[in-house]
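Dear colleague,

My notes on it come directly after.

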Amino acid sequence: MADAFENILGQPQVREFLRAAIAGGKVSHAYLFTGPAGSNKTLAAYAFAQAILCDKAGCGECDCCQRVMRKKHPDVRYFAPEGAGGYLVDQIRDIVADTSLAPIRASKKVYILDRVDLLSSSSANAFLKTLEEPPDDVVLILLGRTRESVLPTIVSRCQVVPFRHIPASEAAGILVQNTGATKMAAEIAIQACGGSITKALDFLKSNERMTFRARILEVLASLALADDWDVLTYAEDLVVRAKAPLDIVRAAQEEELAESADFLAKSAIRQIEARNKRALTAKSFESLHQMTAIIRSWLRDVLAVCAGTPELVINADVRASIEEAAAKTDEARAAAALAACNSADGALTYNVSPETCLDALLFEIRSVLYGTGSSHKAAI
């Protein structure tokens, strides 16, 4: 029988552990999910939240389950660091204060805190008492890259659930098995989504995302002959396209809030509005990071051809442009362009203007790969 956990692909041990916790009525007050990016920690956290709140342990069909799956349930709160270097003390204090409020729809509330490896000592200290003894109707699910990167005072207060790294080839195989996609399409989706199977599933279903990828690859193929004005125009166009999904998300949020506004208190409406704002921010970052992931994938393919290993090319549908770029550069320059892309991806994380960041990145790739124009590295 299908349940909330069936879509936690590539993590069979985690899946069975969470099922057993629900079936045995042994849900703890705090969990720490640890694993690399793309290991399905966030999906597992929402699946666990679904099973905790659902009267039928995560049936997947009731209104509660549907809301959690759409990330629209007011009693499932997702948080990510708001500061450039991690969680702010005030942000943690707001979360702590929120835990004392009653649930809006369900009998419990679930808090999902991403990247707790970015909790500073001061932020962690503001959280420890709540983490150790949260209200009876609260379950805390913390997500971090590794156990070692999370402060020991946090780890000691949580039940740790390790997630294994899923190799790209295995992840692509899981996609093929579960979607019927071709091996090439699955590998492209995994690379475009930073190794995340969950995001790759959505990517394969979205004509808009596939069109977005095609435009990025078209821009990359044109850089060798592009002048400065062309590069600026390319960057502006890509940023606009990256933000396009936000309009759809925003419209859906406004519609849902309008449906519920009549029976919700003002405090609950403010909570939902704050949650929606965080969701928009997360979606914006996801789309921008997807753009740099696609660029990185193309540059890796150029590097692979330069290194004499063309069989490693992932974006085989644009092999001609990859080989053309490789013929005009060399292995060292391709590696340097790839490093510039990694730097740009990091800059986006620290809230650098997307327009400025992408301008600089495209100029840098053109300069490093082909030795044309001037480098704009200082702008990143």
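The paragraphs that follow set out what was found in the structure.

This is a predicted model, in which local features need pLDDT of at least 70 and side-chain atom pairs count only at pLDDT 80 or more, while totals for chains, interfaces and linings use all residues. Residues are numbered from 1 along each chain as its sequence is written, and side-chain values use heavy atoms, with hydrogens and water left out.

I begin with the nonpolar cores. A nonpolar core is here a set of buried Ala, Val, Leu, Ile, Met, Phe, Trp, Tyr and Cys residues joined through side-chain atoms within 4.5 Å; buried means under 20% relative accessible area, exposed over 50%, and partly exposed in between (1.4 Å probe, protein chains only). The largest such core has 57 residues, and those with the most contacts inside it are Ile-197, Ile-295, Trp-298, Leu-299 and Leu-358. Its largest share, nine residues, is contributed by helix H16 (residues 354–370); helices (H or I, at least four residues) and strands (E, at least two) are DSSP runs, numbered from the N terminus. Leaving aside residues up to four places away in sequence, the contacts of Trp-298 include Leu-217, Leu-220, Ala-221, Val-318, Ile-322 and Leu-369, where contact means heavy atoms within 4.5 Å. A second, separate core comprises 30 residues, among them Tyr-31, Phe-33, Ala-49 and Ala-51.

Helix H11 (residues 207–222) has 16 residues and spans 23 Å from its first C-alpha to its last, close to the 22 Å expected at 1.5 Å a residue; the expected span is 1.5 Å times one less than the number of residues. Among the buried residues of H11 are Arg-209, Arg-213 and Arg-215, together with Leu-217 and Leu-220.

A charged residue in helix H15 (residues 331–349), Asp-345, also deserves attention. Asp-345 is buried yet has no salt bridge, and the nearest side chain of opposite charge, Arg-296, is 4.1 Å away. A salt bridge requires a side-chain nitrogen of Lys or Arg within 4 Å of a carboxyl oxygen of Asp or Glu; Lys and Arg count as positive and Asp and Glu as negative, with His and the chain ends not counted. Residues up to four places away in sequence aside, Asp-345 touches His-289, Thr-292 and Arg-296.

Next come the aromatic rings. Rings of Phe, Tyr and Trp (its six-membered ring) pair if their centres lie within 6.5 Å; planes under 30 degrees apart count as stacked, over 60 as edge-to-face and the rest as tilted. By this rule there are five aromatic pairs. Tyr-31 and Phe-48 form an edge-to-face pair, at 5.1 Å centre to centre and 85° between the planes. The two are 17 residues apart, with Tyr-31 in strand S1 (residues 30–34) and Phe-48 in helix H2, and both are buried. Phe-79 and Tyr-111 are stacked, at 6.2 Å centre to centre and 5° between the planes. Phe-79 lies in strand S2 (residues 76–79) and Tyr-111 in strand S3, so this pair ties together parts 32 residues apart in sequence. Ring pairs also link Phe-5, Tyr-31, Phe-33, Phe-48 and Phe-163 into a cluster.

Finally, two backbone angles. Most residues other than glycine have a negative phi. Ala-57, in the loop between helix H2 (41–53) and helix H3 (63–69), has a positive phi near 60°. Arg-115, in the loop between strand S3 (109–113) and helix H5 (121–125), has a positive phi of about 50°.

Yours sincerely
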